[in-house]
Amino acid sequence: MSPQRAALAEGWPVLVSVVLVAIPFGIVARQSGLTPAEIMAMSVFVFAGAAQFAMVRLFVAGTVWPIVVATVFLINLRHLLMAAALRPHFAGVSAARRMAAAFVLTDEAFAMAIGWFRRGRRELRYYASFAVALYVLWVAATAIGVLVGPSIGEPRRFGIDFAITATFIAIVALGVRRRSDAVVALVAALAAAALTSLGASVVAVVTAGAVAPLLVLLARDEPAA
Amino acid sequence: MIWVAIAGSAIVTYVVRAFALRVGLPGAVPRGVARYLDALPAAIIAALAGPAVLVPDGALTRGPELAAAVAVVAIVAWRRNLLLGVLAGVAIVALLRLVLPG
């Protein structure tokens with residue numbers, strides 16, 4: 001099987017779940033009062049699921065732009081390490097192609113590519129096919145969400161306003177591998193809530209989110225479960 | 001303001017993704033830094049959820065959001081399915097808001 005076909009054959013469940021996240025993103029962003037142009041620009045140019053949901057939440061709260069950008073930066077900082085891990089596999093590739101590969105780097109594309117390389121395969125077309133397919137689907141599914149968003153009436157009554165929060169909770173719960181992960185998440189959530197109720201809602205997320213992970217440096221080294 | 005935030009977010013996101021692929025990192029990342037960066041995204045996302053669960057609309061929750069949050073964690077831990085957890089959370093919030101007098 002060609003690398004392109006292998007990427008789609010192995011990756012389609014991930015691609016389906018990407019669509020199932022992007023449609024709600026479009027809906028929720030539209031319900032939050034953002035314009036279709038703003039929402040599409042986020043999916044086309046920022047292209048980062050959790051960070052885009054975070055941006056919507058911060059826009060609704062009227063957060064100033066430096067705080068929005070700082071929050072997005074911290075959420076996506078993990079991609080620095082993913083790119084570093086991919087770098088050796090892109091050794092023989094032109095800088096322009098590496099720059100293009102970087103634009104479509106996501107958690108999912110990284111995971112699929114590492115799985116491919118660990119099997120001893122070297123074709124970069126596997127990464128490129130999967131990552132570009134994910135990008136196209138992410139943008140297209142966002143557009144679907146933007147289009148159907150307004151037809152879902154009164155968001156609060158149907159709990160739609162809770163969809164972003166529920167997505168955040170599910171993302172965090174899915175990512176818990178060690179006890180320290182759960183502790184960090186709880187501390188971050190409680191600290192952010194405390195700061196918010198004390199009137200510091202502008203800096204609550206960035207502060208709580210950046211400080212709580214320091215706890216892992218105190219934790220004993222446990223192997224990931 | 002929103003457009004400036006979107007442009008800024010796009011730039012920092014791309015720089016973070018491109019930096020190590022373009023110039024590479026000097027040497028190995030210290031273990032502590034790697035662990036901190038590994039824990040960072042989940043902590044920020046949890047920090048985004050915390051206020052919405054505990055102090056929605058600026059006042060302490062009357063229950064629906066907290067109950068739904070616990071349910072989302074339980075369902076995701078049990079079925080490992082993000083969409084199922086989110087749908088259940090939304091349904092529980094809607095139901096409890098209906099039942100509890102506002």
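The complex is a predicted model, in which local features need pLDDT of at least 70 and side-chain atom pairs count only at pLDDT 80 or more, while totals for chains, interfaces and linings use all residues. Residues are numbered from 1 along each chain as its sequence is written, and chains are lettered from A and ligands numbered from 1 in the order in which they are written.

**Confidence**
- The predictor gives the complex an ipTM of 0.84 and a pTM of 0.76.
- Chain B has a mean pLDDT of 86, with 94% of its residues at 70 or more; pLDDT is the predictor's confidence in each residue, from 0 to 100.
- Within chain B, α1(B) has the highest confidence, at 94, and α2(B) the lowest, at a mean of 84.

**Domains**
- Chain A splits into domain 1 (3-175) and domain 2 (176-225), with bounds that come from an automatic or database domain assignment.
- Nine residues of domain 1 of chain A are in contact with 10 residues of domain 2 of chain A.
- On the domain 1 side of that contact, α4 (65-76) and α9 (163-175) of chain A give two or more residues, and α4(A) gives the most, with four residues.
- In chain B, domain 1 covers 1-41 and domain 2 covers 55-102, and their centres, taken over C-alpha atoms, are 32 Å apart.

**Two residues with positive phi**
- A:F47 is not a glycine, yet has a positive phi of about 50 degrees; A:F47 sits in the loop between α2 (36-46) and α3 (49-60) of chain A.
- A:F47 is buried, because 22 other C-beta atoms lie within 10 Å (buried: 20 or more; exposed: 12 or fewer; partly exposed: in between; C-beta atoms placed from the backbone).
- B:R80, also not a glycine, has a positive phi of about 55 degrees and is in the loop between α3 and α4 of chain B.
- B:R80 counts as exposed, because it has 11 C-beta neighbours inside 10 Å.

Note on methods. Contact = placed C-beta atoms within 7 Å.
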